[in-house]
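Open your viewer and follow along, one selection at a time. Each stop says what to pick and what is there.

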Amino acid sequence: MATQKNALVTGANKGIGLETARRLAAMGYKVWLGARDPERGETAAQALRDEGLDVEWLALDVASDDSAAGAAKAVAARVPGLDVLVNNAGIAPGYVDALGPDGRYERPPSREDVADMKATFDVNLFGPVRVTQAFLPLLLASSAARIVMVSSYLGSLARAAGNSQSPNVMGYGSSKTALNAIMLAFARELAPRGVMVNAAAPGYTATDLNAHRGGRTVQQAAEVIVRLATLEPGGPTGGYFDENGQLPW
């Protein structure tokens with residue numbers, strides 16, 4: 001009998017993270033549902049358990065060094081290794097407030113708030129670094145670990161430079177561009193250890209992040225994330241993908 005695999009999804013109490021947790025659990029993984037709020041985290045985990053899935057809430061605030069270390073210690077006390085890490089947690093302060101009546105983003109870079117940008121980077125960029133570093137011993141204990149950084153089309157410099165219609169969201173977009181660089185750095189380090197690290201662009205999905213203005217469902221968005229989280233040996237590493245293939249940096 002095969003040993004059950006373990007997965008951690010951060011920011012998983014709602015939206016794309018919750019759907020990713022559901023999909024991985026349905027594939028037979030024990031899923032640690034990372035969320036900082038106890039009530040929301042446990043409610044989400046219980047909803048998935050009610051579907052017959054093996055899901056447990058894990059207290060995890062990706063903006064806190066101590067929380068990331070504590071979460072890794074809690075998981076290490078229960079399982080010998082971690083097979084999948086999905087760094088999904090993300091924020092976009094002020095994004096919804098900057099949407100016009102037609103749903104277009106209307107705040108130019110010259111009016112972006114630096115405090116909002118710092119908060120965005122702390123969660124969207126430094127959060128994945130904290131969590132990946134904290135859980136690295138558990139990931140290396142797996143025979144074939146997979147790490148997915150949940151990026152965005154807005155992280156693509158090529159798309160921004162070549163598409164005047166692309167939303168000019170400086171703080172959030174640049175945090176995802178930097179996340180792509182972080183992904184590549186980890187991929188280069190961990191490739192010799194058999195760990196595959198990739199970035200996923202789920203597309204403009206209807207979630208709380210954008211007041212549900214996105215045109216895609218969480219089911220569609222989770223597709224590329226789950227695919228990268230469950231790559232067979234010999235698959236890609238150090239890549240930036242949507243469901244249709246590799247994206248331009």
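Start with the sheet. Eight strands form an open sheet, with mixed pairing, in the order β3-β2-β1-β4-β5-β6-β7-β8. Strands pair if DSSP finds at least two bridges between them. Strands (E, at least two residues) and helices (H or I, at least four) are DSSP runs, numbered from the N terminus.

This is a predicted model: local features need pLDDT of at least 70, side-chain atom pairs count only at pLDDT 80 or more, and totals for chains, interfaces and linings use all residues. Residues are numbered from 1 along each chain as its sequence is written, and side-chain values use heavy atoms, with hydrogens and water left out.

Pick D242: its bridge partner in β8 is G245.

Now the helices over the sheet. Select α1 (residues 15-26). Helix α1 lies across β1 (6-9), β2 (30-35), β3 and β4 (84-87), and runs at about 170° to β1. Angles run from 0 to 180 degrees between N-to-C directions; axes are lines fitted to C-alpha atoms, for helices over the stretch in contact. Contact means heavy atoms within 4.5 Å.

Next, select α8 (residues 218-229). Helix α8 lies across β4, β5 (146-150), β6 (196-200) and β7, at about 155° to β5.

Move to α4 (114-124) and α5 (residues 126-141). Their axes are 3 Å apart, at an angle of about 25°. That makes α4 roughly parallel to α5 (angles under 35 degrees). Show F121, D122, V123 and N124 of α4 with F126, G127, P128 and R130 of α5: these make the contact.

Last stop: what volume does the largest cavity have? About 70 Å³. A search of the whole structure finds one cavity of 30 Å³ or more. On a 1 Å grid over the protein atoms alone, a cavity is a set of points where a 1.4 Å probe fits but cannot get out; lining residues have an atom within 4 Å of a point. Grid points are joined across faces, edges and corners, and a volume is the space filled by probe spheres set on the points.

Select the lining: A92, P93, G94, Y95, Y105, E112, D116, T120, V169, G171 and Y172.

Technical notes:
1 Å grid on protein atoms, 1.4 Å probe; cavity = no way out; pocket = protein on both sides within 12 Å on 5 of 7 lines; lining within 4 Å. Parallel < 35°, antiparallel > 145°, perpendicular 65-115°, else oblique.
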